[in-house]
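Thanks for coming. I will go through one model today, starting with a loop and ending with the confidence values. Please have the structure open.

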Amino acid sequence: MGRIGYFFLYICLGIVAVFQIFPIIWLFLFSLKDNREIFSGSPFALPTELRWDNYFKVWESGIGTYFWNSIWITGVAIILTILLASMATFAITRMQWKLNKLVLGLFMVGLMIPIHSAIIPLFSMFLDVNLIDNPWSIVITYTAYNLPITMMILLGFYYTLPREIEEAAIIDGCSVHRMFFRIILPMTMPVMSTTVIINMIYNWNEFVFVNTFISSDKFKTLTVGIQNFIGQYMTDWGAIGATLIISVLPIIIAFIFFSNKVVEGISASAVKG
Amino acid sequence: MGLNVMNKVMSNKWIIALYVLPALILIAILIFIPLLLTGYYGLMDWDGIGAMEFIGLENYITALQDLKFWESAWHSFLLAIFSTLSLILYLAISLILASKIKGADLLRKIYLIPMLLSSVAIAQLWIKVYNPSNGMLNHILMAIGIENPPAWLAEPSIVLYAIFIPILWQYAGFYILIYYAALKNIPESIIEAARIDGASPIQIAYRIKLPLIMGVVKVTVVLAIVGSLKYFDLIYVMTGGGPNGASEVMASYMYKLAFTSNDFGYGSAIGFLLLIITLIVTVIVRKVTATKEEIQY
C-alpha cells in the first residue's frame, strides 16, 4: 500500500480516537469552569482560571462519603469473590469427585442470566432478613454475581497446573489446606491479578443493586450517589463535571498503571455470553 | 503407595464440600432461587409488602396484551439490531488497526477508555453532550451553520438513536480489542502468501482475514444481541425510558413496574419473560452462528 493509503488509514483511526476521547476531555474542561464561562464561551475553550474549588466543594458536600463507600464495598467484595472463586475452582479442577462437571456447569449458567430478572425476589429476600439499606447486602450480591466470571478466568490457569506439585506436597505430609493456601494460591497470582481488575471495574461501576437495596445517603456508593447529587446541582455544570471526574478517576488511574492487565481481563471476560 | 495417598487425600468428600459449598450456596441463594421466585411471584397479585394473592397466569396474559411491554421489547430488539450492525464498523476499524499500523497498541487502549466508565457517568456525560442549548453537539452543529438543532433526548422520534450513540461509544473499544487480538493471531505466512499471489489488501481482508476470524465474530454477535436485551443503567439514567415511553426497554419497564408503581407481581412476570426471552435468543443465536468445525490454520 502506498504512503497516501497509509496516511488515509491514520486519519480514520485518528478520528475514531478523537471521538472516543473528546467527550471526556470536554467533561474535564467544564469541570474546571463556572457556569458563566460554560454558557457564554466556546465549549472547547480552555478554562480562563482553573476552578479546582468545584472539586473541593462537591467532595465536602457528600461525594467524599460515597467515594469511601465505593472503595470499601468494592475491596471487600473483591477479596470475598476471589477467595471463594479460587477455592471452588481448586476443588472443581484439582480434586477428584463425580459431580464436578455438573457443578461447574451451574456456575457457568450464572454467566448468562440477566440480573434484572432476579432483582425483585432479591429485594424481598433482603427485606425479610433486614438487609435492605445495609451495605452487606451489596457486598454479598457483588460476590455472588461475580463468582461465575471470576471462576471462568481462573479455570484455564488451574487446569494447567502440573500434578507433580500436589503429589510432592501430599507425599511430604502437607494438608490440602496448607497446599492450597501456601502453594497453589500464590502460584495463581498472575491470573488472580487479572480477576482483581475485572472485579474492580464491575463493582466500582455497578448501579442497579445499590439503587435498589440502599436508601440512606451514608451507605450509597458513587454511581448512585452522583445520580442523586447531580439532581441537586442541576444547573451547576462545574460541580457536576467535578463529580463525574472524581467518580471515574480511580478506574482511569488503575488503567494508566495496569493497562495490559485491564486489556487481558476484558478480553478474558469477553468469552462470556 | 504415594499415588494412593494422593488419590485418597484429593477425593476427601469433606474437603471438597468445604471448598465448593460456600460459593455454590451463595449463587444458589442469590442467583438461582431468585430466578425461580421471579416466575413464581409473577403468578401473584402483590404490592411487595402486603399479602400475596394467587391469580394464576393473569399477569402473564396481561403482559402479552400490554402494548407498553411490546413497545419496550421492540426497543430492546432495535438496540440489538443496531448493536449487531455496529460490529461491522468495529470490524472495519480493527482491520485497519491490525494492518501494520504504528501505535496500534496505544490506539486500542485509547479506544477502550469509555468502556471503563460507569454507565451512570456515561449517561450523565452524554446528557450534557446532548443539552439543547449548551451541549457540545449542538454547539458544533450551530457552529457549522445548522440552525435549531433538535433537543435530542426530548424528541420521541430520535431519542432511541440518540441513546445508541453513547452505547456505540462505550463498547467500541471492547469489540475492537477482541477483533484486533483475533486478527493478530492469524499467521503472517498466510497473508504473505496471498500477497505474493497478487491479492489486494481489500481482497486479503475480505477473503482471508474475515473467514479466519469468523468464530470470534460469531461470539461477538451473541454478546451484542444478548447484551442489548439487558440494557438498563444507561437508559434509566439518561431518559428514564421517556419521553412518553419512547426509549423504554424491557428491563427499565420491569424496574418501573416494581419499584415505582409497586406492582411487584406484574413486574416479576415481566422479569421472568425477560429471562425466558434472553435464554431463547441466546440459544437461537448460538444455533444460527454455530460453526460446524473449527477453522484450521
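I start with Pro243(B), which sits in the loop joining α12 (233–238) and α13 (250–259) of chain B. Keep in mind throughout that this is a predicted model. The peptide bond running from Gly242(B) into Pro243(B) is cis, and its omega is near -5 degrees.

The next residue to look at is Asn244(B), in the loop between α12 and α13 of chain B. Asn244(B) is not a glycine, yet its phi is positive, about 55 degrees. Is Asn244(B) buried or exposed? Its relative accessibility is 81%, so Asn244(B) counts as exposed.

Asn130(A) is in the loop between α5 (119–128) and α6 (135–160) of chain A. Its phi is near 60 degrees, again a positive value in a residue other than glycine. Asn130(A) counts as exposed because its relative accessibility is 67%.

Back to chain B, and to helix α12, where Asp233(B) lies. Why does Asp233(B) count as buried? Because its relative accessible area is 16%, and the cut-off for buried is under 20%. Leaving out residues up to four places away in sequence, Asp233(B) touches Phe207(A) and Val208(A) from chain A, and Ser119(B) from chain B.

One more loop in chain B: Ser133(B) is found between α6 and α7 (136–143). With a relative accessibility of 48%, Ser133(B) counts as partly exposed. Beyond residues up to four places away in sequence, Ser133(B) touches His139(B) and Met142(B). Between Ser133(B) and Pro149(B) there are 16 residues of sequence separation, and their C-alpha atoms are 9.2 Å apart in space.

Now the helices of chain A. The unreviewed UniProt entry annotates several stretches of chain A as "transmembrane region", among them residues 7–29 and 237–258. In the model, residues 7–29 of chain A are 100% helix and 0% strand, with 30 Å between the end C-alpha atoms. Residues 237–258 of chain A are 95% helix and 0% strand, and there the end C-alpha atoms lie 31 Å apart.

Helix α11 of chain A covers residues 222–232, and its buried residues include Leu222(A), Val224(A), Ile226(A), Phe229(A) and Ile230(A). What covers the buried residues of α11(A)? The cover includes α3 (53–94), α9 (189–205), α10 (208–213) and α12 (237–257) of chain A, along with α6 (119–129) of chain B.

The largest pocket has a volume of about 920 Å³. It is lined by 31 residues, and the closest to its centre are Leu95(B), Ile96(B), Pro201(B), Ala205(B) and Lys209(B). Which helix gives the most to that lining? That is α4(B), with 8 residues. Elements supplying at least two lining residues each include α1 (3–30) of chain A and, in chain B, α8 (159–184) and α10 (201–212). Sorted by class, the lining has 24 nonpolar, 2 polar and 5 charged residues.

Last, confidence. Chain B has a mean pLDDT of 90, with 97% of its residues at 70 or more. Residues 293–297 of chain B have pLDDT below 50, and this stretch makes 6 contacts in the model beyond near neighbours in sequence. Where pLDDT is low, predicted coordinates should not be read in detail.

That is the set. I will take questions.

Conventions:
Residues are numbered from 1 along each chain as its sequence is written. Chains are lettered from A and ligands numbered from 1 in the order in which they are written. This is a predicted model: local features need pLDDT of at least 70, side-chain atom pairs count only at pLDDT 80 or more; totals for chains, interfaces and linings use all residues. Side-chain values use heavy atoms; hydrogens and water are left out. UniProt positions are given in the numbering used here, feature names are shortened, and annotations may be inferred rather than shown by experiment. Helices (H or I, at least four residues) and strands (E, at least two) are DSSP runs, numbered from the N terminus. On a 1 Å grid over the protein atoms alone, a cavity is a set of points where a 1.4 Å probe fits but cannot get out, and a pocket is an open set with protein on both sides within 12 Å along at least five of seven lines; lining residues have an atom within 4 Å of a point. Grid points are joined across faces, edges and corners, and a volume is the space filled by probe spheres set on the points. Ala, Val, Leu, Ile, Met, Phe, Trp, Tyr, Cys and Pro count as nonpolar, Asp, Glu, Lys and Arg as charged, and the others, Gly among them, as polar. pLDDT is the predictor's confidence in each residue, from 0 to 100. Contact means heavy atoms within 4.5 Å. Buried means under 20% relative accessible area, exposed over 50%, partly exposed in between (1.4 Å probe, protein chains only).
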